[in-house]
Amino acid sequence: MMGNTHSLLDGLNPQQMQAVCLASGNMLILAGAGSGKTRVLTTRIAWLLATNQARPHNILTVTFTNKAAKEIDARISAMVEVGTQAMWAGTFHGLCHRLLRIHFKEANLPKSFQILDSTDQLSVIRRLLKTQQLSEELLAPRQVQYFINRHKEAGKRSTFLSADKPQDQQLIPLFQLYDEYCQQQGLVDFAELLLRSHEMMQSNPLLVAHYQQRFLHILVDEFQDTNRLQYQWLKHFVGKESALFAVGDDDQSIYGFRGAEPSNMALLLKDYDITEPIRLEQNYRSVGNVLKAANAVIKKNTDRLDKALWTQDIDGEPLNLLEAATDKTEVAFIVKEVSRLDKAGILLDNIAVLYRSNAQSRLFEQALFDRGIAYRIYGGLRFFERQEIKHAIAYLRLIVNPEDNDALLRVINVPTRGIGLRTIEGLIDHAKQFNTSLWGALKLNHELPVKLANFVALIENMRALTEPMALSEMIRLVVARSGLKAMYEQNLKDHTERLENLEELMNAAVNFESDGDQIPLISFLNNAALESGEYQAQHGQRALQLMTVHAAKGLEFDTVFVSGLEEGLFPHENSLTNAKETQEERRLMYVAMTRAKRQLYLTCAKQRVLHGRFNYPMRSRFIDDIPSQLTKVLSDDYANFGTTLRHTMVTKKHLKTMPNDLPYQIGQTVMHQKFGLGVITDAEKMGETFRLTVNFAASGTKWLDTAYAKLQIFDESMKH
DNA sequence: CCGATCTTTATTTTT
DNA sequence: TAAAGATCGG
C-alpha cells in the first residue's frame, strides 16, 4: 500500500514541504490565493496515509462546500492506494448531520428528524408569526430568521439572551417558540445542526473521548470562513493526541453574512499556542498582470493582515476591460469571445464566467443555448429548492412520517383538490384542540368531508403501494398518483422544465438505492436539504463553467470573465451602507480575479434590466482601482449586436416616455458641478424643459430640471 | 367556500 | 421577474 512518498512531495517549495510534513501539533497555514493551499492539504493527507502515520479512519477533513469535499476526496484517491471510505470528509453541516444521525438519542432528537432548509425555515417562521397574531409588517419574517440564525451561529440559545434592545423583547420569545416547535416536529435547521451537535459533545465526555481517540488528524480548509460556533465545535475534536491543521486566507473571507469570523485565525494561534504560522506567499496560479491587478484591488481594504503575494510567472497579457451598452450586449460579447477562445483551442472547462448574483445567469443561459455552446451552471436555483421538487419531496415525507405538518400543509391542496383555506384553518384549530398533529386530527374525525377523506386515502394508498418499491420507482408512483405530473402536464407554460426536473429527481434517487447503512428514502430525504444538487445533466462533457463568485472560491481557470461589474450589483447595493460589508465585497472581487490563471476579462453594462426594470448603473469602483497600464479597453462592437440592441431599446415603455427632442440620452454619463459624476436614468418633459433623473455616484439619485442644472456630457476618453 | 385572476412586493452571497 | 397576497366571480 505504500505509494512512492518521494513522488508525492515532488515539486513542493520549502514552505509547502514544511506544512505537508509537519511532525505533530497544531498548525495554521496562512495561504494566499493560488499558493497551493488545496494541494498542501491533500498532499498532507496522502503523505500521512502513505507513511502509515494515520489510517483513513483517523482523518477528519472539513470543507465549506460539497464541491470542495468531493474534490479533496478525488485528489487523495488519485495519490494513494488505500480506500478512503473510512475517512470523514465533508462540510461542517454534512459532518454534523452525520453525527446527529448516529447519536440522535444523545442529541435528544427523534430518529427520523428532518432538515429544514432556509426556505422551509422562513415558512415555519411565517406561520409562527401568524399564530402569535403578529403582523408581518411589524416584524419581518426575514428579520426573525436572521435573528435566530445569527444567535445560533454565535452558539447562543434564546434562554441565554437578554433583551437589551426593545425589539429583542419580541424576538427572544419568538426564537424560543420557534425552537420548541422544531423540537416537537423533529425539525433541524442549518444552524441547529451545528449547535445541536456542539451541545451534544459538550455534555457528553464519552463521545468526546471517543472521537478524540479516533480522529488523530483534523484538517480544515478555508478556515477564515468559520463562525464562532464552528470554532467551538472543532475544539471538541482536538485532543491531546490529535493535531489540528487549518488552512486559510483572510483576504478570501467572503462569508461574513453567515457569521464567519476571520478573527478565528488569530484566536487559533492563541488557543493552540502556535507561535509562528506557516506562510505560503508564492502564487503559482496567475500571471503577473492578473496578480498585480488583484493586489491593487485588495490593497484598499484596511482590515487585513498584509501579505506579500508574488509570482515568478511572466506578466502575461493585459486584463481585458469592456463597458458594454447593455446587459444583453455584455453577454453577447462574452459568448462570442468564449466561442473564439474555444476555436483557438482553450478547453471550455477551463473558461469560467463569474457573476455576483445567481439571477445574472439567465441571460447567459439563453445566449449560450442559442449559440449551441455547452455550459454548466453551478448552484443557481438549487435543484432541491424548486417548487416541483419540494412538492414531490413533501409527499415522500408524508409517507415516511404523516405527522409532518409542514409537508402536509404544502401538498394538501397541491394539485388543487377542493381543500381551501377555510378547511385548512378548521383543521389546524381541530389539531390544536386535541393537541395532535394535523394528520392526527384527520384520523380523529370519523365524519371527514369527502375531500379530506380522499386525501387521507391517497396518502395511505401510496404508502401501501410503495412499500416494496425501490426508491426511484417509488418516486415515479408518487409523482403520478399525487396528481403532480398531471398538474404540470396541463400547465403548458413551464411544463417541460418542471417535468424534466421530476424525472431528474428519480435519476438522483437511484444513487441512494444501494446505501447500505440506512433506509434509502430516509437518507435521500436528508441529503435533499444539504446537497445543492449537482444533478444537472452534461456530466463529464466539456462545458463552459458558469457560477457565482462565491461558488468559484477554491477553483481556478485559464480564462475568467467577471461580469456585471457595476455599482449596486458588484459591489452589491445592500452592502454599500456598511463599511464592513463593502470590504467583504472587495474581498469577493479579489477572489473573483485570482481565479484566473492566464486571462482575465472584466465587463460591465451601462444599461441593465433588474427586477424587470431598466437600470443605468455606474461602473464598479473595483474597475477603477486597477492601474490602467494593466488593462486594455475593448469595445462591444455595436454593429454586431445591432439586433439585440434595437430589441432592448425599442420597448413600448421607452417609446412612450422618452421625449425625442431630449438633448441627452438615457444611460449617458454626465458631470454636475456639485454632485459630480452620475448617470441619467430617466427623463420627463416638463413644459419647455425636461426633468432628468440622475443617479450620482457620490450622492445618489437626484431630480434635475434642464432649465437650471448645468450638466456636462462626460466624455468616455477622459477616463483613460 | 373555492379557485382563478389581478395586484403587490421584494429581491445577495451558502449550508 | 416571480412568487405570495388580495380580490372577485361562481
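A residue is near a molecule or strand if one of its heavy atoms lies within 4 Å of it. The model is predicted, so local features need pLDDT of at least 70 and side-chain atom pairs pLDDT 80 or more, whereas totals for chains, interfaces and linings use all residues. Residues are numbered from 1 along each chain as its sequence is written, chains are lettered from A and ligands numbered from 1 in the order in which they are written, and side-chain values use heavy atoms, without hydrogens and water.

Select DNA strand B. Of the 27 residues around it, Arg-142, Arg-258, Arg-356, Asn-358 and Thr-423 come nearest. Sugar and phosphate make up 58% of the atoms of DNA strand B within 4 Å of the protein.

Then inspect individual side chains. An N or O atom of the Arg-258 side chain is 3.3 Å from a base oxygen of DNA strand B. Phosphate oxygens of DNA strand B lie 3.3 Å from a polar side-chain atom of Arg-422 and 3.5 Å from an N or O atom in the side chain of Asn-413.

Finally, move to Asp-625, in the loop between helix H27 (621-624) and strand S16 (631-634). Asp-625 counts as buried because its relative accessibility is 13%, buried meaning under 20% relative accessible area (1.4 Å probe, protein chains only). Beyond its neighbours within four places in sequence, Asp-625 is in contact (heavy atoms within 4.5 Å) with Ala-296, Val-297, Lys-300 and Arg-586.

Definitions and conventions
Helix = DSSP H or I, 4+ residues; strand = E, 2+ residues; numbered from the N terminus. Buried < 20%, exposed > 50% of the residue type's maximum accessible area, 1.4 Å probe, protein only. Polar contact = N/O pair within 3.5 Å; in protein donor to acceptor, adjacent residues only side chain to side chain.
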